[in-house]
Amino acid sequence: MGAGLIGRRHIQTILDMPGAAELVAVADPLGASAELKTGSAPWFADEREMLDRARPEAVVIATPNRLHLPHGIACCERGIHFLMEKPVTATLEEAETLVAAIRASGVRTLAGHHRRYLAAIQEAKAVIAKGSLGRLVAVSVVWATRKPDDYFKTAWRTQPGGGPLLINAIHEIDMLRHLCGEIVSVSGIKSNAMRGFAVEDSAVAMFRFANGCLGTLACTDAGFSPWTIEQGSGENPAFPHSAQSAYRLIGTEGSLELPVLRTWSAPVPGDIGWNRPIAATEAVPPYHDPYKAQLAHFQRLVRRDEPPVVSVADGARTLAATLAVTQSSDEERPRTPHRFP
Ligand SMILES: NC(=O)c1ccc[n+]([C@@H]2O[C@H](COP(=O)([O-])OP(=O)(O)OC[C@H]3O[C@@H](n4cnc5c(N)ncnc54)[C@H](O)[C@@H]3O)[C@@H](O)[C@H]2O)c1
């Protein structure tokens, strides 16, 4: 459902993985376009007609944010499993309604936080779990790149909700929750000083995690830099590969840069101190297309072989922490993200 920018990538991923899924239908009111290959799958202008006639076993919902709630509910009503693109809904109230409908219907869901499938992130998670960094003390993240002026010809991208916090930083905040644990407090400031639109072009946030770790995130779509996880990892062919780190995770025993997977530790185990040597080891993570890994996982989730890597309820917690940056900035005080059970 939704064959726009990201929906097309999902369509191509499904077509590229015939062993994992079969594309049985596409729903988008814009209708079929000559340049978009969909195999033999029929197009529907009406998404409900598609659900009722094609009866898919599972759906990828890649429609505009404001339609995520009604489209998720339409799947729940029909017992159809779904992968919901991020943000899982446009608001927290909508997320509560959707999570309740999912629980009542028993459908299985996945939120589209595809970064969780990057090999570098999975390796980082294992390094942290093994205790190689000791206790996590602090983390710093940068997401900074300059979107071209014509990106903003689409009006909603200049309005609240269309900026780098909900479009881009939400993925980083999901990553922070994944790697460092639950976020219990958020302080944020945001600015529109570079472009002057109603929506922010830049934001900085501070986080307190439940385990005592502290974090910062600097995010802008108005600055030219090599420091985004997309550029660092090469996950997306649309971004030049910079091989630079966008994340620094600092622990009591060592530190880790991501997505380049550079670990800093004492050459002599336990010989730790501010005037002791520290050395780097770099592992080149194998490249996996995270969208393919996500689809393979979604297939196993639908077939009940695996619990979700990130359910819609979990995606709602990421949404709550992301919206807390805006709330904190507006109210000029720290915010506790809304708690989803
Ligand atoms: N995971 C990621 O990295 C990522 C990247 C981009 C976008 N997204 C998310 O994906 C969603 C779509 O974003 P996009 O950039 O592809 O937007 P888009 O505007 O390019 O595409 C949305 C598509 O949905 C279609 N649509 C509208 N109403 C519909 C309906 N009732 N039924 C079916 N289709 C309908 C539109 O015609 C359009 O083709 C958003 O929630 C966005 O946040 C996620």
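In which sense do strand β6 and strand β9 pair, and over how many bridges? Select residues 136-144 for strand β6 and residues 214-220 for strand β9, and you will find them paired in the parallel sense over 7 bridges. Strands and helices here are DSSP runs numbered from the N terminus, a strand being E over at least two residues and a helix H or I over at least four residues, and two strands pair if DSSP finds at least two bridges between them.

Before going further, keep in mind that this is a predicted model, in which local features need pLDDT of at least 70 and side-chain atom pairs count only at pLDDT 80 or more, while totals for chains, interfaces and linings use all residues. Residues are numbered from 1 along each chain as its sequence is written.

**The sheet**

Now widen the selection to the open sheet of 8 strands, whose order is β7-β8-β9-β6-β10-β11-β12-β13, with mixed pairing. At the edges stand β7 (183-191) and β13 (279-282), and because each has a single partner strand, one side of each is left without a neighbour in the sheet. From one strand to the next, the twist averages 15 degrees, where axes are lines fitted to C-alpha atoms (for helices over the stretch in contact) and angles run from 0 to 180 degrees between N-to-C directions.

Within strand β9, select Cys219, which counts as buried because it has 29 C-beta neighbours inside 10 Å; a residue is buried if 20 or more other C-beta atoms, placed from the backbone, lie within 10 Å of its own, exposed if 12 or fewer, and partly exposed in between. Not counting residues up to four places away in sequence, Cys219 touches several residues, including Trp143, Pro164 and Leu165.

Then move to Ile173 in helix α6 (residues 164-180), which counts as buried with 31 C-beta neighbours inside 10 Å. With residues up to four places away in sequence left out, Ile173 touches Thr318, Ala321 and Thr322.

**Around β11**

Select β11, where 4 of the 5 residues are buried, so the strand is largely enclosed by the rest of the structure. Joined to β10 by 4 bridges, β11 runs antiparallel to that strand, and the two form a hairpin with 2 residues between them. Ser255 in β11 stands opposite Ile250, and Ser255 also stands opposite Trp264 in β12. In the hairpin of β11 and β12, with 3 residues between the strands, look for Leu261, which takes a positive phi near 60 degrees.

**The ligand**

Finally, select the ligand and the 21 residues around it, of which Gly2, Gly4, Leu5, Ile6 and Glu85 come nearest; a residue is near a molecule if its C-beta atom, placed from the backbone, lies within 6 Å of it. Helix α1 (residues 5-16) gives the most to this shell, with 3 residues.

Terms used. Contact = placed C-beta atoms within 7 Å.
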